[in-house]
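Please keep the model open beside this note and find each element as it is named. The points below are meant to be read slowly, one at a time.

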Amino acid sequence: MEDVEKFAKKTLALLSIERKAEVDEARAFQTNISPAELQKRGVCVLKLSIRNRCTGLYGRSLLTFERLRPGGDNKLPSHPYKLFPGDIVGVSASGKSAIAEELCSGIVTRVTDNGITVAFDDAVDTDEIDDDGLYRLSKLANDVTYKRIKCAMGELTKYRSGRASHLIDVLFGRVSMGCPLQSIYFGNEDEMELFNTSLDLSQREAVGFALRQPEVAVIHGPPGTGKTTTVVEIILQATKKCGMKVLACAPSNIAVDNLVEKLARSKAKVVRLGHPARLLKDIQQHSLDAILSSSSSTAIVQDVRRDIDLTMKKSCKSKPAERRQLRQEIKVLRKELRDREEKAMREILTGVEVVLATNTSAGDTGPLGLLKEDHFDLVVIDEAAQALESKLLENSTKSTQVKLY
């Protein structure tokens with residue numbers, strides 16, 4: 001597997017260069033500009049206090065920040081580049097220094113004229129945030145993708161004898177592709193019973209071709225020729241006719257949401273992974289969070305969340321000795337909450353026909369890690385040519401830079 005290891009090593013090296021350049025640029029920008037000017041440019045929001053704490057899905061801690069102005073309104077400052085749901089922000093003490101020590105980071109879930117709600121995956125981090133303090137929210141470069149790709153490359157180099165080992169050998173050219181199968185697909189293209197009867201001949205041929213391939217099938221064509229429509233038909237044929245479980249991915253949230261919309265319209269049982277703040281409103285009802293909130297386990301989960309919230313409020317008003325004991329109680333409650341939610345999520349994920357996620361969020365570090373390794377029969381990647389690939393470029397002065405395509 002030297003070729004795989006070489007590929008992973010090169011990819012990680014290029015990604016590290018890209019990430020370092022982003023961090024250095026952001027640090028240089030913030031060092032030379034005052035906090036007030038950074039706020040004016042929309043990079044941060046200053047002098048925020050905590051209005052509310054509560055517990056969200058998967059034990060996330062939700063903190064709502066607001067501006068407190070004695071004798072005036074509490075509206076947030078207006079600037080050209082406001083924080084939006086889905087943005088990653090760092091929380092630090094509000095001070096005169098442009099560079100402040102970051103206490104924790106989270107994802108913006110809601111923004112109103114008077115407050116910003118941020119979700120923190122590691123709820124323990126928010127224990128460092130005192131309700132009586134003043135804080136700064138600063139936009140951060142999104143390093144989630146970098147961390148996920150780094151993890152994926154590590155897993156790729158260690159993969160030896162699992163279910164996907166043959167597919168990896170095919171993709172890296174170590175073995176030849178198998179012969180087309182006849183048992184998966186029923187009949188020829190002319191006799192195909194379509195879910196979308198408006199497909200033209202080339203699209204029908206692509207559907208039949210894809211379902212016959214034992215390992216990999218690529219559907220290529222110019223923009224606007226109906227590739228995504230064809231992909232949706234392939235998924236429907238695989239699930240409805242062949243009883244397959246499908247993992248459908250795309251490089252961007254918009255592309256994944258487009259698949260969700262088309263599949264849901266065709267009555268497929270789907271669930272969309274990803275932070276609700278980053279999903280289109282029309283498809284949020286199909287998100288894992290939304291489905292989980294309406295599941296039969298909701299009442300018990302809500303009770304545990306309520307216990308956590310009440311204990312958190314009590315902790316904020318207690319003395320140090322009692323606060324340590326209450327935080328231990330919160331830790332136990334969070335574990336119970338996570339166990340109950342994991343059980344509910346596993347039931348939801350195994351009960352649907354299609355699970356959808358972006359390429360970088362389709363790893364086993366998230367909800368997909370709750371499923372068995374052999375759960376999915378088919379993986380579909382729409383807009384695969386748009387996926388991230390590291391390429392090293394050298395300009396005429398021989399200085400090196402990295403571009404992600």
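Predicted model: local features only at pLDDT ≥ 70, side-chain atom pairs only at ≥ 80, totals over all residues.

1. Begin with helix H9, which covers residues 298–316.

2. Which residues of H9 are buried? They are Thr298, Val301, Val304, Arg305, Ile308, Asp309, Thr311, Met312 and Ser315. When the helix is viewed down its axis, these buried residues fall within an arc of 165°, so they line one face of H9. The face turned away from that buried side carries Ala299 and Leu310, which are exposed. As for what covers the buried residues, the list includes strand S1 (44–55), strand S2 (61–67), helix H8 (288–293) and helix H10 (320–351).

3. Strand S5, residues 115–120, is mostly covered, since six of its six residues count as buried, that is, under 20% relative accessible area. In a regular strand the side chains alternate between the two faces of the sheet. In S5, Gly115, Thr117 and Ala119 point one way, while Ile116, Val118 and Phe120 point the other way, and the residues of both sets are buried.

4. The neighbours of S5 can be described strand by strand. S2 and S5 run antiparallel and are joined by six bridges, and within this pair leucine 63 has valine 118 of S5 as its bridge partner. Strand S4, residues 102–111, also pairs with S5 in the antiparallel sense, here over four bridges, with arginine 110 partnered by threonine 117 of S5. S4 and S5 form a hairpin, and three residues lie between them.

5. Elsewhere in the model there is an open sheet of four strands, in the order S8-S9-S7-S10, with parallel pairing. Its edge strands are S8 (270–272) and S10 (378–381), each of which pairs on one side only. On average, neighbouring strands of this sheet are turned by 20° against each other, direction ignored. Looking at one pair in detail, S7 (residues 246–250) runs parallel to S10 and is joined to it by four bridges, and alanine 248 stands opposite valine 380 in S10.

6. Helix H7, residues 253–265, lies across S7, S8 and strand S9 (354–358), and runs at about 160° to S9.

7. The largest nonpolar core has 28 residues, and those with the most contacts inside it are Ile235, Val246, Leu263, Val270, Val354 and Leu356. Helix H5 (201–212), helix H6 (227–241), S7, H7 and S9 each supply at least two residues of this core, and H6 gives the most, with six. For leucine 356, leaving aside residues up to four places away in sequence, the residues touched include Ala248, Val256, Leu259, Val260, Leu263 and Val270.

8. Finally, consider glutamate 347, which has its place in helix H10. Is this residue buried, exposed or partly exposed? Glutamate 347 is partly exposed, because its relative accessible area of 46% lies between the cut-offs of 20% and 50%.

How values were computed
Residues numbered from 1 in each chain as written. Heavy atoms only, no water. Expected span 1.5 Å × (residues − 1). Buried < 20%, exposed > 50% of the residue type's maximum accessible area, 1.4 Å probe, protein only. Arc of directions from axis to C-beta. Contact = heavy atoms within 4.5 Å. Pairing = 2+ DSSP bridges. Axes fitted to C-alpha atoms, helices over the stretch in contact; angles between N-to-C directions. Core = buried A, V, L, I, M, F, W, Y, C linked by side-chain atoms within 4.5 Å.
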